[in-house]
Amino acid sequence: DECLPPGLGGLRSDIGMFGGENNCGAWSVNVGCTDSMASNYDENAEVDDGSCLPLTLNVPGDFLTIQSAIDYASDGDIVLISQGTYSPSTNGEIFPIEMKSHISLSGEGEDLTILDADLTDRVMNIYNCENVVIRNLTITNGSLGSYDENDPLDWESHGGGGVSIWNSQVTFESTAILQNMAYIDGGGVQIDSLTIEVCPGENLQFDLIAADPNGDNIIMNSK
C-alpha cells in the first residue's frame, strides 16, 4: 500500500509519537513500551521504542516453568520463583535449566524454593553468560551417569551434577547446592573459564555425592 508511512528511522522514545507526511497526507504512529508485562506498558503504543522497564517474571504466576520464564526474559529481568519444589514430577520442569546473560534467578529462600531434578539430569547449565545472579534457592538431586573415558568431550559433559559453568560471570547469593551427583569430578559444580562470586555475608552451601571416589564437589579448570 503506497499510503503506508515510510520507514521509522530516527524513532525517539522521549516524544511518544512519530509522524510525517507522504503523498497521502499527514500520518502519525504512537511509540512506547509494547510489552504488556512491563510496568510502563503503553496500551496505545503501536511500535516498541525499547523503553520497557526490566520485568519481574513470576513462576508459577506468569509462567508454569522456570525455563519458560528464562526464555521470555530480556536483559535486566528478574525471574522470581515462588516457594515450592520445581521438578519433572511437580510442575513439569525439564532439566537442565539453561541460563541466559543478564538475568537474575531468585527464589524466596534456600529452604523454600527448591530446584529438584529428580535425578533425571544436571540441574543447571550456565554457558557463555554474562552477569548472571542466582539467589535464595536450593539446587538438588542433579545426577549425571557414566561416560566414555576415551572421549574427552563426553568426559567434560559428565562433570557438575548440580551446576555446570563455562566461560561465564556468575554471582551466587544464599544458594544451597546439595545432594547432587556426577560420575566423575564436580558432584556439585563444574567450573571452567569464568568469574564466580559469593557475595560477602551470604551463604553458599555444598555437599558431595560422587560415584568416583576421586571426584571433587567443586572442580575448577582454566583454559
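What share of the contacts in the protein with a separation of 6 or more comes from residues 24 or more positions apart? Such residues account for 64% of these contacts, where contact means heavy atoms within 4.5 Å. The model is predicted: local features need pLDDT of at least 70 and side-chain atom pairs count only at pLDDT 80 or more, while totals for chains, interfaces and linings use all residues. Residues are numbered from 1 along each chain as its sequence is written, and side-chain values use heavy atoms, leaving out hydrogens and water.

The protein has two helices and 19 strands, taken as DSSP runs (H or I, at least four residues, for helices; E, at least two, for strands) and numbered from the N terminus. Of its 223 residues, 41% are buried, that is, under 20% relative accessible area with a 1.4 Å probe, protein chains only; over 50% is exposed, and partly exposed lies in between.

In soluble globular proteins, nonpolar side chains tend to be buried together. Here the largest nonpolar core has 35 residues; such a core is a set of buried Ala, Val, Leu, Ile, Met, Phe, Trp, Tyr and Cys residues joined through side-chain atoms within 4.5 Å. Leu-105 and Met-124 have the most contacts inside this core. Elements that each supply at least two of its residues include α1 (66-72), β10 (124-127) and β11 (132-140), and β11 gives the largest share, four residues.
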